[in-house]
Amino acid sequence: MNPLVAPIGLSHYLVVGSILFVCGVLCMATKRNVLGVLMGIELVLNGANLNFIAFGSPMLRADQSNSIGLDGQMIALFVIVLAAAEAAVALAIALNYYHTHATVDVDQANELKG
Amino acid sequence: MDAINWHSFFFLMCALVACTFAIAVVIASNIVRMACYLVISLAAVAGLFFLAGADFLGAAQLMVYVGGTMVLLVFGVMLTARGPFVSMKTGPAQWLVALMAAGALLFVLVQASFSIPAWAGPLASQPQPATLPATAEQLGYGLLGVRADQLDQRDAVARGGLSGYLLPFEIISVHLVVVLVGAAYLARAKRRVTKLSTNTAGSHKP
Amino acid sequence: MNPNSIIPTLLATAWLLPLASFVFIVFFGPRMGRHGQRAATVATAAIIAACLLSFTALGLWLFQHPLGHAAHGDHAAAVAPLAGDWYALGSFGALTISVGYYIDALTIAMFCMVTLVASCIHVYSNGYMHGELHDVIDALAPLSNGEPMRRHGRFCRFFQCLSLFCFSMLGLVIAGNVAMVFVFWELVGICSYLLIGFWRERKSASNAANKAFITNRVGDFGMIIGLMALWASLGTFSFSEIFSQVRPAATEHRLQVPDGMIKLAKQGEVAEIVKRHSGDLDAAQKEIAAQLPDWRAQGYGYGLLMLAGLGIFCGCIGKSAQFPLHVWLPDAMEGPTPVSALIHAATMVAAGVYLVGRFYPVFTPEVLLVIATVGAITLFMAATIALTATDIKRVLAYSTVSQLGFMMLALGIGGWIAGLFHLFTHAFFKSLLFLCSGSVIHACGTNEMPQMGGLKRRMPITALTMLIGCLAIAGAGIPTVVGLSGFHSKDYIVAQDLSFWSHNPGFGGIFFFVALIGAAMTAFYMFRLWYMTFAGNPRDGYVHHHAHESPPSMTVPLLILSLMAIVAAWNIPFTSIGLDGLLHQAQPLGTAQTVTGQLVNVTMPAEHLAHAHENSLKAEWMAFAVALTGFILSTLFYGARKWNPDEVRRAFSPIYKFLLHKWWFDELYRKVFVQPALRVSDWVAAIDKKGLDVIADGLARLVEWTSRIDDWIDRVFVDDIINRLARWTYSLGISLRVLQTGNIRQYVIWITVGTVALFVLMSMYWDYAIAGI
Amino acid sequence: MAEFLAQYVPSWLAYTAVGLVQAALCLVVALASAAVFIWLERKVSARIQDRLGPTRVGGRFGWLQPPADGIKLLCKEDIIPAAADAPLYRIAPYISFCAVFAVFLALPFASGWVALDLNAGAFFVLAVAGLEVFGVILGGYASGSKWSLYGAMRAAAQVISYEIPLALCVVVPVLITGSMNLVEIGDSQKGWFTSWYLFHDPFTFVTFWVYVTCVTASTNRAPFDLPEAESELVAGFLTEYSGWRWVVFFMAEYAAMFVVSGFGAVLFLGGWNGPIPLASLLGLTPENHAILGWLGNLLGMANFITKAVLGVVFMIWLRWTLPRLRIDQVMTTCLKYCVPIASAMLAGVMIWTYLFPKGVIDGVRHSAPVVQQASAQPQSGDHR
Amino acid sequence: MSTERMQPETVEFDVRTDEMLINMGPQHPSTHGVLRLVLRTDGEVVNEVTPHIGYLHRCAEKIGENLTPRQFLPYTDRLDYLAGISMNLGWALTVEKLLGHKVSEKTRHLRVIVAELSRIASHLVAAGCYGLDLGSFTPFMWTFREREKILDLYEDLCGARLTCSYITVGGVTADVPDGWLKKCEEFLTQFEPVIDDLHALLTNNAIFIQRTAGIGVMSKATALDYGCTGPVLRGSGVDWDLRRDGEPIYTEMYDGYTWRVIAAPEGKYPDDHPYPPVPPETILGDSWHRYFVRMLEVVQSMDLVRQGIEKYSMAAGDVDEPIPLKKKLPKGEAYLETEAPKGQMGFGIVSDGSPVPWRVRVKSSSFCNLSVTPELCQGVLVADIPAIIGSLDLVLGEIDR
């Protein structure tokens, strides 16, 4: 199948979203830098957002009866805004963490471990 | 030959960029480079939003994520990175475990994406972007509590239920304020420079 | 435009101007000139503008409703009040809460009085409060290290509060419904609290503010009960609706128990009827309506009406410092003197009287009797205390309480016009007196009269204006010819008393004599005050030496007010326009008739009866005679110093002490309310210590013995089981602890694995169609 | 053309090739405009300073000076400092340039003459133009020089702060029009110059000047050129750059000037509508004939470009007149003046449009777009 | 704009950052040559500044000990190369003081003319560069344009533009050419309105005032403690000018001239000059005042040049020729300070009786003025460093010698 000619469907978007999501998870799972983890979270949120947009898009599937319509964009908008807020708070926490631990290595933040 | 499908073409471009740089974020060890790749990846995602007919979301993604969040990140990087290259290596065993888990997740997700036939089938004739509704206004109305896209709902009761997102919007805005104040407070170092002594004027002639 | 729409607008503007000034000063005050000097200008300009607007409104009103020749008892020509809503705040069922207005001649007259007095006091405060323009070193508020406190001046804060007060007071006057009245009622309370505690660092001031506030809450509690009674039974807060229900036009405005109250009183039967006509509400309504006259005749709901009246009067007791809640007012003199003049003499405390006047149509004769009794007690008690007080402001404060008692007494015995007339005249001369005392305090730096004396040469204007004030309050005048304002108003009250006595031959005389004695005492203590302050030889050289006449910003208001104190009761020359006529016009419909109580045998004589020639002549002469007596006694004691007051004091030492300690009211309240509370807590503590502790100790000993036995069992049997369990738990925890690594990345992987597992599980048992797609 | 090519080669190749060619053409246009502005800056500054400026290269007026400079700079060694983070250092100028270049996509040059007619156009322009600073930050950081880092941090702080008042200013015309579509915003200012949003009401007039301040700051132009303040930070984020990469940063700056001027022209100065509605007076409207309409649009484009160029000249003029502000003064200007003023103006415009929905100066302007939009909206939603 | 300025003392750190050491110079656009400042910064705030000098050391004093005074004269041009003639004058007067030589009336007035012209030129450079330091390029071009005209005059006078060596020991190298005085007057006439332009462009510019007012405030006491001289001292309100207060051999050069010292001891400038009003934001002794004093001194110097031209034309006789190249110096020593544009320039000479001095010493005004920078630059922002250094008007040729 020639990908340039074949039309794009919902599944394709979902796959991209999955890849972003998994990349984000990987990022969170492998980075020791607080900021790296933060970036992983951003990727995860974007993967999810892409799904919302795709499910709500009027262009991606023939049968629109199950489309979530404008709600998809709405939720995505809220996600974006909350992600910004989350980033601000996470960054503030990271800064404080840096001030107290003089490092950004999350592995050092294990004072509460069992 | 078949006429090229521009939608597919741009989708492929953006998707490739987004995925490639997302993977680059995972692989890169320098935090600034990670940030840079992330910005590019997110910008490509914004492109995907545009392609899916969500212009406003795309622009918001660019503005908020790339313009705002990422600069915040860069700030954080600058403030916390001692020297330009800070990398904290993760052990190969952890990589392996993480990759296995992530691979399983990816498999499950992709499998799920293609498992519904209705999702794979595209629109027989895709609407041109020009004919699409202006979602920015609809979003605006939605935030004000009117679902402009649902006014054709025949069931009056159901229409009443579709009352938009005014309350979440209000909550989110308050939430944002709280978060920003909290973040500002958290990041404050509560330190003051001691007041420097300034010479007071004396007046004797040389 | 017709006056009916202009007048509310004018008054609303006059009402809102101080609010604007308040808001302006709140935001920009500290930035207006050095130390907020300009704030005073703003506030003063606002209130003066309000004053001009009020007088314009008065002019319009008179133009539209010319005063009929004071036709006694004839109320056919009564003028309908302007009532309406500006803004509906919300409706809850049938009840609508709104910002409305109820304007009659009384409202407008009150507006003029309040704004005029307030204007004078604003101007006066410009001079009086100038100390607040700079940093203040307050010797009366020592810090913990004993040094006087130093703080920034609060000039603009003072004017900010004044503006807020004016707004609240005017709102209270213009209010069109009870809810609004209540809101502004509380607002003036707040202003009073803020201004009494203006020098909040002084312990006495903050205590006084608290006292005023708390005491008023006691009254407000009753008021809320009254309001609830009205609302629950009548379903409305609006004045006009309440009045039309209480005194329907159908009964020629005679007081009758409104339907709502009867229904409430007979709610059992009403419910019965409704149940009987299940579903058919109209029929039920009809049947109830048919029953109503019977029920009314049986007296149902009358108690409720009394309850409403008494409740509202409770609020008035608190606000107008009537017995037994009068204790806060003398202490409130801790505030700056202009505040005492404006709030605690002229306007706010009179609000209680005003409210009684406003609610007059609702009061049954029984309630009125209560009012009269409370008024009489207050009048007498406060006057006696004033006889012995030496603090110049306290004398005036008790005088205020006493005069308020006069008003209440007058209202209570059916003298609506008399009471309110006295309210107006009193506002002028009492604010004048307070301002004069402020001028004296300003000059001398002390409140104590024994340290003053001979000031009239130092401060001639103040002495003169104060003398006018004393004459006015004492009711000086030439009988049957002319007199100062107080002469006329007191005359009305005495005349009404006399008339009341003649209608209630038994106990009616008490009120009459109390009023006469009160009038005599008033003259006595006022001149005592004047003589001690201004006449004679200086008693304290230092004070005398440093005394000086106040600046024009303080003396000019004094002159204006003294003019008003003289002429307030007069008609405008060659016309019949005057306060008297205005009040006649404002008298609520149906209240000018003679009525008799249902429960108590009391007759409230119609007011015009008191103006019968012989009655009024008698009253006039009697009032004049007692005032003159008071004056002469005072002159003998303090002016000419023929008699030594100390001898009298010694002779009546117990009484003197009783009076000096203000009838032991504060001590009484301490004994009755404060100390019992403390004692109860002591008891509780003692019970705790003595009783419970002993029991607990015994129990403990018992338990100890039991536990010894138990211990043995425990150690041998139970411990073993427990230890074993604990060991298991511990080892389990140790083994599980490995999972809790504190490593975020591992957690992420666990989450991932968990998600995948969930997914797999789901796909095993459900189709993907669970998503419904 | 692509269809033609596609007969001979695989279609994806054909389209890619054509796409590349078209992009290159656009790039040339952007570069040419940057070159023109560099020349303009030199000439204007020379006039201000009693000099002549370039006179010789390319005959008169030194019009070939920028290409000559460009060639010179291309030939210069592309130095990458040892301490630099090489990949980021390399990529940074292009990020800046791409961001600015992408704005051209959504910038309408005349009614309907826009590459991408987005219905969130104004928002898009704001968002994409804001990306420029990312290249600056990256470049400053990656240079491995302390001066560059200073420049980068200043740029970050300054541009992010100024986005807020800038967005508030942009909201004003959006509010009046009731649409974020730039073409609609431009078209709604049709008519005489009195219908420009600049003269719509006093608030928009003030807003325009706040906008000017903010865009001057967000394009890092004097007196807000702190990120590259040469007397303090040597050259700020540009310190270590040389040769071609430096040129790219420079072109990004000049292209950004054009973009924000054009954007301002659309938002406040009537866009392609001249002070006198010459096109409609002459009958150059599509209603008359397609060609005439096209001609009218051409006139409009000339109008638009003139306004944008005047805007750029204004910025040049500012630069050569004013000293530079200090960083705290820059932030003060933004947070204590621009943001409150812009907010107040936004509120003012709201009230104004509420009170005078048809405008005051030009009462006959096609009435009240806000109201129209609002009432028309629900119907447009149900296309599904 | 508001008059509120951010006082560096009250900077509060929102985010804790590490301190950073930065080299500002010796190659930096705003250090006016090869000054090197080591800044210890915390974000934008400078906590400490340490100046390092010596990058332009040319052994000027040692050279002076191997040459006769007239041979050394061209080296003095290189000290403050922006006001070479003033340097010449200082050296010439010092040697004349040692010799006990007195110059003729005509020479005296000619020396006043050229020395004051060099002051104008120097101050023009100072003002222009100051604008440049604050990011305003145009004033720089304008002042240099005017300075070029003065250099043209020099060229007509002696053939050299920058390092004139015109005033020499014993007199001047040559009398003025024909018509030079007229050219000089023409220059002054056309220059006058330019000053107003400069005031409009810089002095009264709101941003300029914001950037300079209250920045680098130097109290009288500080200025005196650090030995600051010249406009830097007068900018702090000290009424001190060697042309009036110096040694007789120097002050008698200005005998018969009417002028007043430009300083504002009570915060108020003498009102016999047309000058723009002092903005209320400024504090006496801040960078703005140092700049402003220079601008006023330009006007003052123009006045002196005019008087000099008049007096020169009236004076009888000829200008003095220089002393012989290898004239023996009397045994002894002499030290003299003159009021150079940058401040008090001192030359010391010790002679053992030979034509070549035994010891030569130069006391530089810029050196003293530089020494105050660590004190002034505490807790300021990075952008204030050029604003303060620029207001001190340093010349490294003079500092490093």
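**View 1. Helix 7 and helix 9 of chain D, roughly antiparallel to each other in a predicted model.**
In this predicted model, local features need pLDDT of at least 70 and side-chain atom pairs count only at pLDDT 80 or more, whereas totals for chains, interfaces and linings use all residues. Residues are numbered from 1 along each chain as its sequence is written, and chains are lettered from A and ligands numbered from 1 in the order in which they are written. The axes of helix 7 (residues 146-177) and helix 9 (residues 202-218) of chain D come within 9 Å and cross at roughly 155°, and the two helices are therefore roughly antiparallel (angles under 35 degrees count as roughly parallel, over 145 as roughly antiparallel, 65 to 115 as roughly perpendicular and the rest as oblique). Axes are lines fitted to C-alpha atoms, for helices over the stretch in contact, and angles run from 0 to 180 degrees between N-to-C directions. Helices (H or I, at least four residues) and strands (E, at least two) are DSSP runs, numbered from the N terminus. The crossing of helix 7 of chain D past helix 9 of chain D is left-handed, meaning that the near helix is turned anticlockwise from the far one by less than a right angle, clockwise being right-handed. Residues making the contact include Tyr162(D), Leu166(D) and Cys169(D) of helix 7 of chain D and Val210(D), Tyr211(D) and Cys214(D) of helix 9 of chain D, where contact requires C-beta atoms, placed from the backbone, within 7 Å. By class, this contact of helix 7 with helix 9 of chain D has eleven nonpolar, four polar and one charged residues (Ala, Val, Leu, Ile, Met, Phe, Trp, Tyr, Cys and Pro count as nonpolar, Asp, Glu, Lys and Arg as charged, and the others, Gly among them, as polar).

**View 2. Helix 4 and helix 5 of chain C, packed at an angle of about 155°.**
The axes of helix 4 (residues 155-174) and helix 5 (residues 178-196) of chain C lie 8 Å apart, and the angle makes the two helices roughly antiparallel. Helix 4 of chain C passes helix 5 of chain C in a left-handed crossing. Among the residues that meet are Phe165(C) and Met169(C) in helix 4 of chain C and Phe184(C), Trp185(C) and Val188(C) in helix 5 of chain C. This contact of helix 4 with helix 5 of chain C has 13 nonpolar, two polar and no charged residues.

**View 3. The hairpin of strand 3 and strand 4 of chain C.**
Strand 3 (residues 136-142) and strand 4 (residues 148-151) of chain C run antiparallel and are joined by four bridges, pairing being counted if DSSP finds at least two bridges. Val136(C) has Arg151(C) in strand 4 of chain C as its bridge partner. Five residues separate the two strands, and Gly146(C) in the turn has a positive phi of about 85°.

**View 4. An open sheet of three strands in chain E.**
The strands follow the order 7-8-9 with antiparallel pairing; strand 7 (332-340) and strand 9 (359-363) of chain E stand at the edges, each with a single partner strand, so one side of each is left without a neighbour in the sheet. Strand 8 (residues 343-351) of chain E pairs with strand 9 of chain E over five bridges, and Arg361(E) in strand 9 of chain E is the bridge partner of Gly348(E). Helix 3 of chain E packs on the sheet, touching strand 7 and strand 8 of chain E.

Definitions and conventions
Two residues are in contact if their C-beta atoms, placed from the backbone, lie within 7 Å.
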